[in-house]
Amino acid sequence: MSDVPLNRIDTVAGNLASPSDYLALLKPRVMSLVVFTALVGMVMAPGGIHPVLGFTALLCIAIGAGASGALNMWYDADIDRVMKRTQSRPIPKGTITEGEALAFGLTLAGFSVALLALFVNLVAGALLAFTIFFYVVIYSMWLKRSTQQNIVIGGAAGAFPPIVGWAAVTGSVSYESIILFLIIFMWTPPHFWALALFKSDDYKRAGIPMMPVVSGMAETRKQILIYSILLAPIGVLPAILGFASFAYGVAASALGLGFVILAVRVYRMTDDDKAMLPAKRLFGFSILYLFLLFAMLLVERCLGLLGFVA
């Protein structure tokens, strides 16, 4: 038993925090995906943006994503202490208190939204504010603990960055940015449900109603396949609608086919499959899939701006 009085634990915990703890509070891996997809939205947008304003917009989006991560960890501190994959986060570890995480997240959220609205444009600032609100309030506080559709609806929060990036350049939202949104939105359920299959015990222990916990493994595998089949053609839409090349369309089709094939293998898994290798392979491939789609769009646009693509 520690000799530290209970009413002093928060103070002591806060004093133990290091810069790496605060960095972990920002969910840097999630932040990197947010910044990357927002960058693609900015580069794809017509008209261009001054480099300083573009950097400011990306910085604000990154800070806003970090704020969302910090506020999510503040609210989910109770379940993070229970789940094995989250027990090493700063709050369960005891290096940052819940109050510090809340103050840190709110400060970053307010700063990022205000800076983006004042220095870039109001539309982008408003969209970033809504994204943070959606992730923290709609997803973390409401959907995550109340419905097995948490990932389906809550996935919108992770799909907004390309729209924010597009709005930072144009001050508006267009069908192209909505297509980028839809790719991420439809990608999110099979990506996270694949993870939930081999982490279902963790979610059950924490009382989170993920689909494998509520509806069972078989239904989850079926839903993964359905969403994968829906995702594959959506990933090709940029080429079909004319804002990506034929080469992108071919590559996106091949990647979508690979996604569906892996989803079929997940669907054919049995409930007594303890290794769950098909689910783990789909989870890993899903990350590569999204990265490659957006990387191809980014490269094509950059080559087009340089005059290498007609």
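Tutor: We can start with the ground rules, then go from the whole chain to single residues.

Student: Fine. What are the ground rules?

Tutor: This is a predicted model, so local features need pLDDT of at least 70, side-chain atom pairs count only at pLDDT 80 or more, and totals for chains, interfaces and linings use all residues. Residues are numbered from 1 along each chain as its sequence is written, and side-chain values use heavy atoms, with hydrogens and water left out.

Student: What pLDDT does the protein chain average?

Tutor: The average is 91, and 93% of the residues score at least 70. pLDDT is the predictor's confidence in each residue, from 0 to 100.

Student: Where is the pLDDT below 50?

Tutor: Over residues 1-14. Beyond near neighbours in sequence, that stretch has 10 contacts in the model. Contact means heavy atoms within 4.5 Å.

Student: Now the fold. How many helices and strands?

Tutor: The protein chain has 16 helices and zero strands. These are DSSP runs numbered from the N terminus: helices are H or I with at least four residues, strands are E with at least two.

Student: How does the radius of gyration compare with the globule rule?

Tutor: It is 20 Å, close to the 19 Å that the rule gives for 310 residues, so the chain is as compact as a globular protein of that length. The radius is taken over C-alpha atoms, and the rule is 2.2 Å times the number of residues to the power 0.38.

Student: And the spans along the principal axes?

Tutor: The C-alpha trace spans about 70 × 55 × 25 Å.

Student: What share of the residues is buried?

Tutor: 51% of the 310 residues count as buried. Buried means under 20% relative accessible area, exposed over 50%, partly exposed in between (1.4 Å probe, protein chains only).

Student: Switching to charge. How many positive and negative side chains?

Tutor: There are 21 positive and 16 negative, and the centres of the two sets lie 6 Å apart. Lys and Arg count as positive, Asp and Glu as negative; His and the chain ends are not counted. Each charge is placed at NZ of Lys, CZ of Arg, CG of Asp or CD of Glu.

Student: On to backbone angles. Which residues other than glycine have a positive phi?

Tutor: K27 is one, with phi near 50°. K27 sits in the loop between α2 (19-25) and α3 (28-44). M276 is another, at about 50°. M276 lies in the loop between α15 (246-267) and α16 (277-305).

Student: Is K27 buried or exposed? And M276?

Tutor: K27 counts as buried, because its relative accessibility is 15%. M276 is at 10%, so M276 counts as buried too.

Student: Now helix α15. What does V260 touch?

Tutor: V260 belongs to α15. Not counting residues up to four places away in sequence, V260 touches L225, S228, I229 and A232. V260 is buried, because its relative accessibility is 17%.

Student: And A247, buried or exposed?

Tutor: A247 is also found in α15. A247 is exposed, as its relative accessible area is 51%.
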